[in-house]
Amino acid sequence: MLIVVLIGFLLSALLLFTGNFFKEKKLSTLLTILPLGILIYLLSFGQKIAQGEVIYLHYEWIPAFDVSLNFRLDGLSFLFGLLISGIGTLVFFYTSSYLKGHHFLDRFYSYLSMFMAAMLGLVLSDNLITMFIFWELTSITSFFLIGFNNESQSSRKSALVALGITGLGGFFLLAGAVLIGESAGTYSISQILSDPEAVRSGSYFSLICIFMTLAAFTKSAQFPFHFWLPGAMQAPTPVSTYLHSATMVKAGVYLLFRFSPVFEGSHLWHELLLIFGAVTMIYSAYHIIFRIDLKSILAYSTIAALGILVFLIGIGTKMAITAAAVFIVVHALYKASLFLIAGIIDHETGTRDITRLSGLRHKMMPIFITGVIAAAISGGIPPTLGFIGKELIYESTYHFTESVVFLTFLAIFTKILLFYAGFVVGMKPFTGKLPAALSEVHKPDIKMSLPPAIMVILGLVLGIFPGFIEDFISAPITQTFGFTDVEHLKIWHGFSEILVFSMVTILIGTIMYLTLKPNYKLKGFISKLEVISPLQLMNDLNQGFEKISGWWTNLFQNGYLRHYVATCVLFMVISIGYVVVFNFNLDLADQAFHQLTFHEVAIIVIMLGAVIFTVVTRSRLAAVVAMGIVGFSFSLIFLFYGAPDLAMTQFSVDTLTVILFVLVLYKLPKYLKLTKNVLRLEHGILSLTFGTLVSMIILMVLQQPVQKEVSEYYGDNAYLLAKGKNVVNVILVDFRGIDTLIEVSVLTVASLGVFGLIKLRIRSRDKK
Amino acid sequence: MQTTILKAASNFLLPVLLLFSIFILLRGHYLPGGGFIGGLIASSAFVLDAFANGLVYTKSMLRFHPGFLMPLGLTFSFLAAISPFFVGKPLMHALWMKGHIPVIGKLGTPLIFDIGVYLVVIGAALTIIFTISESR
């Protein structure tokens with residue numbers, strides 16, 4: 001099972017080197033073997049899963065932190081795994097024609113297989129931390145997929161928005177995971193689910209509940225985080241298909257599904273899901289009316305569908321969970337095919353504007369048939385699987401304990417608009433008269449028309465014979481939720497209120513489709529309201545942040561080195577000065593000034609002289625040499641106080657520094673006095689204060705009794721443990737060797753930086 | 001800055017200084033010295049040579065860019081750091097050869113580590129100085 005997760009990553013790494021081969025030989029269709037293989041591999045477990053078995057794989061990763069690469073294949077992960085690999089197969093197949101000859105086709109497949117692997121890892125992992133890592137990987141890879149057309153600014157921007165929102169959700173997931181781990185004492189999902197009481201009785205329960213729902217809401221585009229999803233439509237259509245029908249956005253639903261048993265019965269949980277799910281589905285369903293872009297319509301209908309799923313999980317009865325499980329499959333089937341059809345239309349006609357599309361049935365009859373069936377599944381017209389899904393949704397709202405009328409009304413309202421959306425995308429572009437602008441349209445490649453056809457046929461067949469998937473729908477429900485005898489899926493439920501609701505839905509939906517024509521007027525109406533939309537609010541917030549940080553940065557980063565140094569020193573003076581002034585009590589009698597020797601005094605006098613000379617001289621070279629004198633005097637002081645190593649190093653470093661300075665100064669123009677006298681005076685006072693403060697600190701330190709434990713340890717053990725007599729060197733290469741190793745690495749990086757900066761500048765200047 | 005005296009002196013000083021830097025490097029474990037100081041002395045030697053004979057001459061004498069000494073040195077240090085893994089000891093655990101080698105003294109991973117530091121310091125110092133002096 002590990003290989004199933006890893007093979008996608010392996011392939012994407014391999015594509016780095018073999019991408020050109022696939023591109024030039026036009027063999028990209030072959031890559032479909034990867035998801036197809038995974039699909040077949042997963043299906044081989046079908047028998048076991050249907051019997052309620054759970055397959056585990058244990059692999060220790062970081063046992064010290066209870067992080068393991070444990071995988072578990074149960075009914076729920078099997079269902080999601082099938083969707084991921086199944087839709088993945090069709091998307092891989094479709095892409096090879098859709099993006100045929102694209103310059104970065106190999107890159108696209110690389111991202112896509114990485115994304116698929118991350119998704120599979122997410123639904124298969126049995127460890128919260130590992131799951132979080134895969135969760136983040138899906139966010140990152142989807143960032144690359146959404147921003148695939150990286151020359152377009154809006155594409156880059158929507159990728160960033162998506163990453164921002166889903167990344168925010170990732171933080172919530174991590175926080176939730178850590179708190180769950182704290183309460184349950186383990187990160188293993190199986191163990192947490194087998195003993196949900198441990199989490200439930202923990203003190204963080206409400207917090208965990210909020211964090212986990214927020215994580216799911218951001219990923220599954222629930223209001224008010226929904227706006228990244230319509231933005232993500234900037235991606236090439238196969239990406240939208242994959243991300244929004246079966247994978248990325250379903251990850252949040254998976255999370256809710258997976259952890260439902262832990263939160264079941266908690267009012268907070270049910271209310272959060274119900275309210276946010278309901279708001280999302282109403283809000284986005286009503287937005288469908290105002291859209292004229294095919295993919296935009298689909299985006300809002302996706303959000304509405306996700307709202308329904310969250311809403312159903314929030315209801316949480318057996319019927320609702322069954323409805324949710326069926327609807328996940330239904331939605332994946334019809335939404336993927338509708339997206340693919342929208343992609344075909346876009347690919348062949350070059351537009352997705354619904355007002356400009358009509359009569360395409362004359363040019364692509366098979367796609368028309370596919371589209372109508374997809375719309376039928378979406379609208380829940382019998383005998384498709386969509387009908388079963390819709391019936392179950394109405395059953396679960398109608399047989400709920402509270403606010404039956406209101407909840408059922410919400411469900412019917414959303415379903416009517418989803419019906420409308422399905423037919424607008426799946427049927428409208430094909431009916432009516434063919435405009436002259438579209439008379440040159442060609443029939444799409446078989447590689448593009450086959451995948452949606454396969455999906456709608458599946459939706460039709462499964463509707464007539466729901467027995468095929470019944471076991472796979474009931475397995476997650478019985479395993480995860482512990483419900484027994486799950487409702488049998490059947491197309492005919494007898495005459496009941498539910499059937500009436502279905503008929504009403506279809507009727508009103510049809511009337512809407514026939515009377516309401518999408519047009520620019522409606523779009524104009526909604527764009528006026530966008531001032532208060534969450535997207536706009538986030539943009540304003542972002543701009544505010546940018547302004548503040550720009551102002552803040554300019555305040556400090558004005559480009560003058562002296563300004564930087566002065567700021568740093570001033571900060572230290574204030575922070576140190578505060579402490580020193582309040583704690584300073586110096587007993588000068590203790591200080592052994594009378595022990596000063598002649599050569600010490602002489603050195604200090606030389607240093608003082610050199611410093612004063614540095615400040616007053618008008619020649620740069622002289623200033624550098626004077627600074628060198630200060631450095632050499634320091635090395636003498638080190639020598640007097642018994643640190644020959646330090647003295648030698650100081651001496652060599654100072655020599656090289658002076659040489660460097662000379663080399664640089666040699667190239668500078670003549671010494672100019674650019675600063676005002678006042679500023680020089682200010683800097684002078686600042687440096688004197690700083691120097692005084694440091695001296696005060698040193699005097700204070702000297703008054704403290706000396707702790708010799710550390711130096712004695714090194715002194716005693718240098719020879720015994722490290723076989724060296726020079727303690728300094730032994731510390732450098734042995735006791736604290738890792739420090740040295742990192743230091744030399746830093747040194748390398750720094751010198752590469754100098755090399756790069758200067759060489760690049762020379763090269764770019766040479767070019768000019 | 002090319003004077004005959006400096007030129008003549010540097011021809012002798014370069015090998016002597018390099019030898020001295022290696023001496024400092026090797027004696028580091030027992031007496032003042034070590035890879036860092038040794039590296040600085042060696043780079044000063046090259047810088048002195050560059051002053052006397054010109055940068056072009058020094059670079060052609062080196063035959064390769066001093067920057068390559070950095071990865072080489074890092075490799076030395078890193079190998080010395082991880083070599084204890086091969087005998088089941090933790091990172092940076094010092095391994096020593098039994099017996100003495102004349103002049104060098106005891107041979108062990110700390111010495112190899114120090115040689116790495118020596119090479120990195122030469123590489124980094126010379127890269128910085130050469131790059132800056134080449135810039136216009």
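Figure 1. A:Ala221 lies in the loop that joins helix 10 to helix 11 of chain A; helices (H or I, at least four residues) and strands (E, at least two) are DSSP runs, numbered from the N terminus. The model is predicted: local features need pLDDT of at least 70, side-chain atom pairs count only at pLDDT 80 or more, and totals for chains, interfaces and linings use all residues. Residues are numbered from 1 along each chain as its sequence is written, while chains are lettered from A and ligands numbered from 1 in the order in which they are written. A:Ala221 is not a glycine, yet its phi is positive, near 55°. A:Ala221 counts as buried because it has 27 C-beta neighbours inside 10 Å. Here a residue is buried if 20 or more other C-beta atoms lie within 10 Å of its own, exposed if 12 or fewer, and partly exposed in between, with C-beta atoms placed from the backbone. Most residues other than glycine have a negative phi, and most peptide bonds are trans.

**Figure 2. The cis peptide bond between A:Pro382 and A:Pro383.** Omega of this bond is near 5°. A:Pro383 sits in the loop between helix 17 (365-379) and helix 18 (385-398) of chain A.

**Figure 3. Helix 12 of chain A and its surroundings.** Helix 12 (residues 237-246) is largely enclosed by the rest of the structure, because ten of its ten residues are buried. Among these buried residues are A:Pro238, A:Val239, A:Tyr242, A:Leu243 and A:His244. The buried residues of helix 12 pack against helix 4 (75-98), helix 6 (128-146), helix 11 (228-231), helix 13 (248-263), helix 15 (294-315) and helix 16 (318-349) of chain A.

**Figure 4. The side of chain B that touches chain A.** In this view, 38 residues of chain B are in contact with 36 residues of chain A, two residues being in contact if their C-beta atoms, placed from the backbone, lie within 7 Å. Helix 2 (35-53), helix 4 (69-82) and helix 5 (109-134) of chain B are the elements that each give two or more residues to this side. Helix 5 of chain B gives the most, with 13 residues. By residue class, the side of chain B that touches chain A holds 24 nonpolar, twelve polar and two charged residues; Ala, Val, Leu, Ile, Met, Phe, Trp, Tyr, Cys and Pro count as nonpolar, Asp, Glu, Lys and Arg as charged, and the others, Gly among them, as polar.

**Figure 5. The loop of chain B that holds B:Arg63.** This loop runs between helix 3 (55-62) and helix 4 of chain B. Although B:Arg63 is not a glycine, its phi is positive, about 70°. B:Arg63 is exposed, with 6 other C-beta atoms within 10 Å.

**Figure 6. The two assigned domains of chain A.** Domain 1 covers 297-351 + 365-518 and domain 2 covers 736-768, with bounds that come from an automatic or database domain assignment. The C-alpha centres of domain 1 and domain 2 of chain A lie 59 Å apart. The C-alpha atoms of chain A fill a box of roughly 110 × 65 × 50 Å, taken along the principal axes.
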